[in-house]
Amino acid sequence: MELKNNVPVGELSEKWTQYRSTMNLVAPNNKRRIEIIVVGTGLAGASAAATLGELGYNVKCFSFHDSPRRAHSIAAQGGINAAKNYQNDGDSVYRLFYDTIKGGDYRSREANVHRLAEASVDIIDQCVAQGVPFAREYGGLLANRSFGGVQVSRTFYAKGQTGQQLLIGAYQALSRQIASGSVKMYNKHEMLDVVKMDGKARGIIARNLKTGSIERHAAHCVVLATGGYGNVFYLSTNAMGSNVTAAWKAVKRGALMANPCYTQIHPTCIPVSGDYQSKLTLMSESLRNDGRVWVPNKIEDAEAIREGRKNALDIPENERDYYLERRYPAFGNLVPRDVASRAAKVACDEGKGVSPTGLAVYLDFASAIERYGKGEALSKGIKNPSSSQIIELGEAVIAQKYGNLFEMYEKITGENPYKLPMKIYPAVHYTMGGLWVDYNLETNVPGLFALGEANFSDHGANRLGASALMQGLADGYFVIPYTIGQFLSGEIRTPSIDPNAKEFEEAEKNVRSLLDKLISVKGNKSVESFHRRLGKLVWEYCGMSRNAEGLEKGRKLIRELREEFYQDVFIPGSADEFNPELEKAVRVADFLELGEVMMVDALNRNESCGGHFREEYATPEGEAKRNDKDYAYVAAWSWSEDGNHKLHKEELTFENVELKTRSYK
Amino acid sequence: MKLNLKVWRQKNNDSKGSFETHTVNASEHMSFLEMMDVLNERLISEKKDPVAFEHDCREGICGACSMVINGRPHGPQQGTTTCQLHMRKFKDGDTIVVEPFRAKAFPILKDLVVDRSAFDRIIQSGGYISVNTGQATDGNSVPIEKDLALKAFDAAQCIGCGACAAACPNGSAMLFTSAKVSHLGLLPQGEVEHTKRVQSMVAQMDEEGFGFCSNIGACEVECPKEISTENIARMNRDYFKASLVSE
């Protein structure tokens, strides 16, 4: 299969504008007759459904939650990037584009990334107009902060709850369309299959989670905005319900899964504390604006800390290794996530970890507290402030910036991060891989679109902080409303799709037999126990660093686990009732297949790039070693029941940036 | 630590529910929901029906979790959702009573799961600013006083969990509704529609079967985001003003 990315011709900076001005349109009278299904109500889904409704299409929107507002975009903390250059620090659309391409380790598509950078400025305007209460300066204008991998201040934020505020904005826009009747909302519905007619996506099969009934929903096209697959690792910063099922069902119907091995391990999460743990909690990257990462210089000190004989405050300044500042002086604590995560792993592998498990490093705010305290004292006219005064003033500044994060840390760990440095460790956070899409965000299945984290297109092998919110909203507000017209303009003569067609019948049967198969195993092990074991396998063999031998082994073990799952899983109750265990089982069944394809992809990619670090391909200093000659392509996989998953390549061409070894030194 | 749990079990809204007693071994580092996971894993291993409860992000922001623990929505810790409540707040041997959020407008789906879609309908009745995608002017074109933006933010922090209505003896949704009215009404962008918004949201709230506010203040005490009842006072003033200006 040849993958056509449909990138328009022309100058990079003109492509989107020209394309937008010349693309096919659907007239208002025809929009009224056209139906669109949107699955997912996170930033991408809610913004898409709302905007398509505003344009006059008939939208049906689905969420497995009890309300669209619960989608996991809500939990994003730090902020959203935009090339506004309000800080006059040299930012521009081109610089945001360049930072994103470089941050992604030259594995994303130039034209998509440039369009993203262009849309970023409109997103901020739109969100402000909706009433998103972004942080402001005393003059009343919008405030910014810095995120990793960049040297400008372009991140807009609302304390540590930016995702919440942006999602509520999109949710309100969606609610307005629901009230106007242009969007019909289906809460507590989970999509379990895509229905294709004559090769085009024409609907979905969904399970009503409240009643267990199986429903057919027809439309002229289907948009998936169903998020990432980080929960394949079991322990991640994703919500418990985040899953790959909708995307994976699309793969089963012929869509391609692109770059599944690119997963982002976020450097600053609260470390694992026990076997019962159900999820990991992120501490926003914004904390690295002010926090300094370190471990003790001496292994004996680290041991003493692990055994509780010493604590961080017992280690004098000259016996601490601020390893990010030492290794990467140009970016310091604000190196990109993949680099910071690997560096933490190296420190802990050397025996310098500071939690009882040995898997934690410090994130220390003492010097920021002192710096801010002195500044505040000066501006308040306090002469010769005492050190306790300085600390008090400094802590107040930190509280204003990150108060909710510090509180959350204290609730979870029982330690006060104002007094003792935070302990942090990398954890799975985001997946750059996803459904393969062209420039129109259309998968290789005509009429099937993928937005936000569910697609692969913008972040290459590593996503920069505060760019996920940007991409979700760019796709939903400013890209799909235009590009969907390219497909739908060819459908204006297509009458309403008939949900009684044989294709719907076949898909419904397919779903019912899957549910029956799972329910009727009646084995002895819980769904959760399989999910935990799967997560451990994927983390061990396809986590922060991978090698060929491990990946081969991991793949074999996953296949064995999958077999065991279908022989020994126990799901209480029946399929025709409210049954959360069955919901989980369907999701875990899909993760058990996806996990295998991740290993296959990681094994195929004989290079290290971004979040994909193959131990065999590293420089002597331990940095990732890319191979642009052989691997500057998108690896898009089709699924095959017999295990011969097929690779389809989209070559990446770089016409505007020079491929360089990424350096943050 | 060993705990005695009295958990509410109910098949659906039409059936009668009752308490079921279980003993659970937990660790003080667990979150409350992880302790419930332990209970459910055991029930599943005994081929019994696990306790249904809502949960998702487990970091205190999605608003899905919704238990009444020892008589208090989201349990004993101030400003904390159930998922962020940790077992170190309890003692070995404690008896813990776990019930669903109870309010007339929240029918029970199963066990501890209730239907909170009434909140969505309140937002749909006017909890938004009518601006289509693409209509916005530059984000910095209207300066907004920092303190005002923060005040709007404080109200906008509501996670829509329903603890306020569950805590209220009248099952009122005044804190939820007023938080949205304040968030949007305090900002210049939201001013244009403010009068209409406050009227239609209050009307929808009544239609959903939420009770009246009698200034008890339990909602503020139990709100995991510590949203202030000042918002209720502000909404009452605005509602009164709105009924004067419209006929």
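## Helix H11 of chain A

Ala368(A), Ile369(A), Tyr372(A) and Gly373(A) are the buried residues of H11(A), where buried means 20 or more other C-beta atoms within 10 Å of the residue's own, exposed 12 or fewer, and partly exposed in between, with C-beta atoms placed from the backbone. Viewed down the axis of H11(A), these buried residues fall within an arc of 130°, so they line one face of the helix; the arc is taken over the directions from the helix axis to the C-beta atoms. Helix H12 (387-413) of chain A is included in what covers them, and contact requires C-beta atoms, placed from the backbone, within 7 Å.

H11(A) spans residues 366-379, 14 residues in total, and reaches 20 Å from its first C-alpha to its last, close to the expected 20 Å. That expectation is 1.5 Å times one less than the number of residues. Helices (H or I, at least four residues) and strands (E, at least two) are DSSP runs numbered from the N terminus. Gly381(A), which follows H11(A), has a positive phi near 75°.

## Model and confidence

This is a predicted model, in which local features need pLDDT of at least 70 and side-chain atom pairs count only at pLDDT 80 or more, while totals for chains, interfaces and linings use all residues. Residues are numbered from 1 along each chain as its sequence is written, and chains are lettered from A and ligands numbered from 1 in the order in which they are written.

The predictor assigns the complex an ipTM of 0.98 and a pTM of 0.97. For chain B the average pLDDT (the predictor's confidence in each residue, from 0 to 100) is 97, and 99% of its residues score at least 70.

Asn259(A) is not a glycine, yet its phi is positive, near 50°. Asn259(A) sits in the loop between strand S10 (257-258) and strand S11 (263-269) of chain A. Asn259(A) counts as buried because it has 31 C-beta neighbours inside 10 Å.

In chain B, Glu226(B) also has a positive phi, of about 50°, without being a glycine. Glu226(B) lies in the loop between helix H8 (218-222) and helix H9 (230-245) of chain B. With 13 C-beta neighbours inside 10 Å, Glu226(B) counts as partly exposed.

## Contact between the chains

Contacts join 65 residues of chain B to 64 residues of chain A. Elements giving two or more residues to the chain B side include helix H3 (146-156), helix H5 (174-186) and strand S6 (108-110) of chain B. H1(B) gives the most, 6 residues.

By class, the side of chain B that touches chain A has 24 nonpolar, 25 polar and 16 charged residues. Nonpolar covers Ala, Val, Leu, Ile, Met, Phe, Trp, Tyr, Cys and Pro; charged covers Asp, Glu, Lys and Arg; the others, Gly among them, are polar.

Methods
Two residues are in contact if their C-beta atoms, placed from the backbone, lie within 7 Å.
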